[in-house]
Amino acid sequence: MSKIKDLRSFIEVLRANNQLAEIEKEVAIEYEIGNVLANLEKRNMGAGFFKNVKGHTIPVIGGVLGSMDRIALALECEKKEINEVLGKALDNPVKPVKVSQAPCQENVILGDEVDLGKLPIPQHAPKDGGPFITGGVIVSKELNGTRQNLSFQRMQVKGKNKLSIMINEWRHLKDFYDEAEAQGKALPIAIAIGVDPAIYVGAGIRYDGDEMEIAGAIRGEALEVVKCVTSDVYVPAQAEIIIEAEVVPDYREEEGPLGEFTGHYSDPWPSPTLKVNAITHRNNPIFQTIAGASFEHINLGNVLPREPLLKKFTTYVSNGVINVHIPPYGSGFLALVQIKKKNPGEPKNVALAAMMTYVNIKNVIVVDEDVDIYNPADVMWAVSNRVIPERDIFYVPNAQGHELDPCSDNRGVQTKMGIDATLADDSKGLERVVYPDIDLSKYL
Ligand SMILES: Cc1cc2nc3c(=O)[nH]c(=O)nc-3n(C[C@H](O)[C@H](O)[C@H](O)COP(=O)(O)O)c2cc1C
Ligand SMILES: [Mn+2]
């Protein structure tokens, strides 16, 4: 059995592995939490746990899954096994189990007592349009059925019991909401804040079923869900905080701007709104947040959900593929492939396969087995040492990319680029200098 079953137990794991920055100093909800999180990320100093938030009694944690090291801790595997663990989870879903009592309902706030202002909802980036819930997992259920779904949607606070919610195209929540709206009905949903990181990982993945099953598969056991107090949506039992709400039909209101995954601000957007009917929470709850444009945002939305298929597509083209990575510093537009090549043309075929995996993937760099794809310095070293541009770089003009990419047009049309950064077979028989890894604790 996993020792991680909720956010609290994972915080213990982070603490034990020096991946937690514990901040006792009082911090402001406007900009200061976001700024500290961004600076922790730049210096690779762990998740930020803010114990003392000005004007609030609830502590805030952010950046929980902001690095591959912390993701490996969450998935209880080595960094290089992350793709494999997720690929296996997708192939072996484990359905959740219903329970009648749950920690997330230790405290119940209903009706007029509901006040979103009592939750420490941060304003992260300097030009964000207001406080946003960004680290809430939306649990939805189709109106006339039993199918549930997990996803992330940004939500701006618009009142004591009112939020806006941005629901993009090609989302399961959009299917559920469109169906409800066509009948003129509100769609009940719930927002789970602060859960087992396996549930966060599941929520970022597109899967044609209940993503709680993917979270269960990651843990290797059925996860517990409990019925909401005001609806028949089933939510993760160990969540810190649950906001029970409904998406109102036939109404749109502008929300935004917000720092997006490209590292740029998105424009304000007319979005549906949520009416909040209840807030339930554990005793001494912890509020979890994800800063916009942070590595955590990109890891959950672009890296983890896409690496398993990237591995499949590139391996289909070459069985010499060792590992793949979509680094968060590339906004999901860059893919790295590590390969043991047998043919000089192989890296180019592999790069083309990577471009086909997802429209977002624009630039692909293929490296040899001696290059660490989790280390940007090593990748840049390979590009600097092993690339002859006219031989190794190729372009695919007018291909489909992502419309938020600053280098694409409004339909997302753009040029894709492949770089073969593997050492050419005829390259003077050079040998790389390698110092073996050692355990430095013996010396320090
Ligand atoms: C931090 C974060 C924020 C996101 N914000 C939004 C959002 O505001 N609107 C949206 O539609 N998708 C957003 N996404 C993407 C979806 O949550 C993601 O594609 C998810 O897999 C959708 O679930 P589905 O496949 O069940 O529809 C976000 C993802 C992450 C990780
Ligand atoms: Mn889904």
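**View 1. Y31, in the loop between strand 1 and helix 2.** Y31 is found in the loop that runs between strand 1 and helix 2, where helices (H or I, at least four residues) and strands (E, at least two) are DSSP runs numbered from the N terminus. Its phi is near 70 degrees, a positive value in a residue other than glycine. With a relative accessible area of 36%, Y31 is partly exposed; buried means under 20% relative accessible area, exposed over 50%, and partly exposed in between, with a 1.4 Å probe and protein chains only. This is a predicted model in which local features need pLDDT of at least 70 and side-chain atom pairs count only at pLDDT 80 or more, while totals for chains, interfaces and linings use all residues. Residues are numbered from 1 along each chain as its sequence is written, chains are lettered from A and ligands numbered from 1 in the order in which they are written, and side-chain values use heavy atoms, with hydrogens and water left out.

**View 2. V27, in the loop between strand 1 (20-23) and helix 2 (32-42).** V27 is buried, because its relative accessible area is 3%. Leaving aside neighbours within four places in sequence, V27 is in contact (heavy atoms within 4.5 Å) with E32, I33, F50, N52, V53 and K54. The C-alpha atoms of V27 and A353, which are 326 residues apart along the chain, are separated by 46 Å.

**View 3. N18, in the loop between helix 1 (7-16) and strand 1.** N18 has a positive phi of about 55 degrees although it is not a glycine. Most residues other than glycine have a negative phi, and most peptide bonds are trans. At 70% relative accessibility, N18 counts as exposed.

**View 4. The manganese ion (ligand 2) and its protein donors.** The donors are N149 (OD1), H172 (ND1) and E211 (OE), lying 2.1 to 2.2 Å from the ion; donors are N, O and S atoms within 2.8 Å of the metal (3.2 Å for Na, K and Ca), and water is not among the atoms, so sites may look incomplete. In sequence, the donor residues follow the spacing N-x22-H-x38-E. The pair N149, in strand 8 (residues 148-152), and H172, in helix 5 (residues 172-182), links distant parts of the chain, 23 residues apart. N149 counts as buried because its relative accessibility is 2%, and H172 likewise counts as buried, at 7%.

**View 5. The surroundings of ligand 1.** Ligand 1 is surrounded by 19 residues, of which the closest are F152, R154, M166, N168 and H172; a residue is near a molecule or strand if one of its heavy atoms lies within 4 Å of it. Strand 8 gives the most to this shell, with four residues, and both strand 8 and helix 8 (295-303) supply at least two residues each. A nitrogen atom of the ligand is 2.7 Å from a polar backbone atom of M166, while a polar side-chain atom of R171 lies 2.9 Å from a nitrogen atom of ligand 1.

**View 6. The peptide bond between G256 and P257.** The bond that joins G256 and P257 is cis, with omega about -5 degrees. P257 is found in the loop between strand 15 (253-255) and strand 16 (258-259).

Technical notes
Polar contact = N/O pair within 3.5 Å; in protein donor to acceptor, adjacent residues only side chain to side chain.
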